[in-house]
Each structure stands twice: as C-alpha cells, then as structure tokens.
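Please review the model below with attention to its helical packing, its charged pairs and its backbone geometry.

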Amino acid sequence: MTIQVFGHKSPDTDSTGSPIVWAWYLNEVKGVAAEPKLLGEPNTEAAFMLQRWGLEKPAIIEDVADDAAVVIVDTNNPAELPANINGADVQAIIDHHKLVGGLETKGPIDITIRPLACTATIMHDLMGDDAAKMPEAVKGAALTCILSDTLEFRSPTTTAHDKAVAEKLAADLGISISDYAAEMFAAKSDVSSFSDAELLRMDSKEYEVDGTKFRVSVLETTAPAVVLDRKASLMDTMTTVAAEDGVDQVLLFVVDILNEEATLLVPNDLVKTVAAKSFGAEAGGDTVVLPGIMSRKKQIIPNLKV
C-alpha cells in the first residue's frame, strides 16, 4: 500500500515541500512506496518553489479512506487534517508544533516533534547521512521550507540548527541565501490574484481562547501596503468567512518581513480588546502595528487573550 504523506490544510511552503522531501526519502532510501499529497492549493511562495525546482505539484486530496497508510508532517492537529484522519492508518508524525492531541492511531507509531523552526530541518536530521543523497530539486525544496518558516532567519522560531542546515543546503546548491530568499518573498507577496476570502484562509489556523473561536490568519509579505490597501474589503469579508468556517472572529496579522513587525486589522471592539489584552496595544483606528511580532506559533497564539 502506498503511503500518503501530507501536511495541514491551507498548505504553506513547509506543508507543500516537506511531504515531497519525506516521500522521496521513503521511496528512494527506505524502499517504501510513498506519494506526497496536498490538502488544498499551495500558496504563491510554495507554487514558486515547485516551479523553481521543477517539482510536480502533489495531487490535492479531500479526505483519506479507512485504513489508508499516511504520514502526517508539519502538524498534529486533527482540525487541520482530513475529516477521516482517525480512520486512516497513521504510521508517523513529523512536526515542530506543540502537541495538540485528538489523533487516534491503529497501533504504535513513530512520532518526532522537535522545537525547531521547520519540519524540513527535522527531516534532514532524521535522514542522517542519507540526506546527502537528495537530488538538487529535493534539497531546493528543503531549503525553501526552512527559509520560509524562519523568514530568512528573522523569525524568533529560528534556531542555530535551522540556520546551519539551510546554509549547508545552499552551499550544496551553490546559491545565495539572500538572493534566493528575496525571490521567495517576492512570490509570497504577490497576492493580486486572490480574493479576500482566499487571503483570509491562505495561511490560517483555528484556535479557541476561553470559549471564543478564532481563525488566526497571517500574511507574510515584503509589500504590506498591497494588502493593507484592501483592508476595508478584507474586514467586510471577515464576517462571511467567520460564519462559513464556524468561528467567532477572523484575526488577520499582516507581517512585514523586512521591518519585522505585524499590522493587526481591527474591525470591531472584540479585536480591539484582543490587541490590548494580548499585546498591550491600544488601537485608535482600524489597524494597530505590533513591533517585533513575526511568528504566529511563538508570539501570536501563545499570547491571545479575550
């Protein structure tokens, strides 16, 4: 039975590239049939990665069948996975997020969750000496994942080990990290073809705080004005997206990669309260700037209060 390897819904670069990396390892090193899959369309940066390294876009799946063999990467949260994930045969989890709970497996499995910035870094470690066998395209995918998740080492989630692995991969590929990251971030910043609803769901996770359900959305960009010029329509669309997704409020953080700050859209008093209680920020208008806020995982989610 072929193992399906996939990450979370609304796949970002790590949830697009890491399934490709691990499926390669299972196929070519372990001799186990595996295929990377996606749980939705990849974002613009992930699409750039696929094109840049000549990688085929993994097939998009809606759900998994009973007893289907799967490996989960870049998440362990059932809310971010197919509806029937507990009916599948989950054989391994490789992740760098906190343990959420709720997954049920058919038997004992391999679980690797490490406090690193990127799943691809963990995979590089798990491969050991076999990581050197990765072809250029797979190394390119791994490098892209690390630079994306660390925002080229600007994110507070970055560890010295993430940086060392990225630098090794870049050296193997003979490319400049700064030049390549600039290409990546330019692709990530091009959101002109996306609707407001797509932008709000593009890189988002559901999170509950004291009974209030949020969709916490992050848009990382080198051109924040392009997104903020759409703030009125984005805030209007938040109501629709919240209703359709069964949450109380959408929170949108526009992360300015170069200036290392986030702008939170403030459509109502609830979000104004969130800004004040979570970040000590008083919102006088419909936006509030949060200096130094770059990471949803390390700085936004842990601090959310209502």
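The buried residues of helix 9 are covered by elements that include helix 7 (196-202), strand 7 (204-209), strand 8 (212-221), helix 8 (224-228), strand 9 (249-256) and strand 10 (261-265). Helices (H or I, at least four residues) and strands (E, at least two) are DSSP runs, numbered from the N terminus, and contact means heavy atoms within 4.5 Å. This is a predicted model, in which local features need pLDDT of at least 70 and side-chain atom pairs count only at pLDDT 80 or more, while totals for chains, interfaces and linings use all residues. Residues are numbered from 1 along each chain as its sequence is written, and side-chain values use heavy atoms, with hydrogens and water left out.

**Helix 9**

- Helix 9 comprises 15 residues, 231-245. Its first and last C-alpha atoms are 20 Å apart, close to the 21 Å expected at 1.5 Å a residue; the expected span is 1.5 Å times one less than the number of residues.
- At Thr237 helix 9 bends by about 30°, the bend being the angle between axes fitted to the seven residues ending at a residue and the seven starting there.
- The buried residues of helix 9 are Leu234, Met235, Thr237, Met238, Val241, Ala242 and Asp245. Buried means under 20% relative accessible area, exposed over 50%, and partly exposed in between (1.4 Å probe, protein chains only).
- An α-helix has 3.6 residues a turn, so residues three or four places apart point the same way.
- Gly246 follows helix 9 and has a positive phi, near 70°.

**Overall fold**

- The chain contains 11 helices and 11 strands.
- For 306 residues, a compact globule would have a radius of gyration near 19 Å, and the chain agrees with this at 19 Å. The radius is taken over C-alpha atoms, and the globule rule is 2.2 Å times the number of residues to the power 0.38.
- The C-alpha trace spans about 60 × 45 × 35 Å along its principal axes.
- Of the 306 residues in the chain, 55% are buried.
- Among contacts between residues at least 6 apart in sequence, 64% join residues at least 24 apart.

- Asp162 lies in helix 5 (residues 160-173).
- Asp162 is buried yet has no salt bridge. The nearest side chain of opposite charge, Lys297, is 7.8 Å away; Lys and Arg count as positive and Asp and Glu as negative, whereas His and the chain ends are not counted.
- Leaving aside residues up to four places away in sequence, Asp162 touches Leu116, Ala117, Cys118, Thr121, Ile146, Thr150 and Thr157.

**Salt bridges**

- A salt bridge is a side-chain nitrogen of Lys or Arg within 4 Å of a carboxyl oxygen of Asp or Glu. By this rule the count comes to 18 salt bridges.
- Lys106 and Asp67 form a salt bridge through their side chains (3.5 Å, N to O). Lys106 lies in the loop between strand 5 (89-95) and strand 6 (110-113) and Asp67 in the loop between strand 3 (59-60) and strand 4 (69-73), so the pair ties together parts that are 39 residues apart in sequence. Lys106 is partly exposed at 48% relative accessibility, as is Asp67 at 44%.
- Within helix 5, Asp172 and Lys168 are four residues apart, about one turn of the helix. Their side chains meet in a salt bridge (3.3 Å, N to O). Asp172 is partly exposed at 37% relative accessibility, and Lys168 is partly exposed at 42%.
- Arg215 pairs with Glu206 in a salt bridge whose closest N and O atoms are 3.0 Å apart. Arg215 is buried at 10% relative accessibility, whereas Glu206 is partly exposed at 39%. Salt bridges that share partners join Arg201, Glu206, Arg215, Glu244 and Asp245 into one network.

- Most residues other than glycine have a negative phi, and most peptide bonds are trans.
- Glu152, although not a glycine, has a positive phi of about 50°. Glu152 lies in the loop between helix 4 (136-150) and helix 5 and is buried, with a relative accessible area of 19%.
- Glu260 also has a positive phi, near 55°. Glu260 is in the loop between strand 9 and strand 10 and is partly exposed, with a relative accessible area of 36%.
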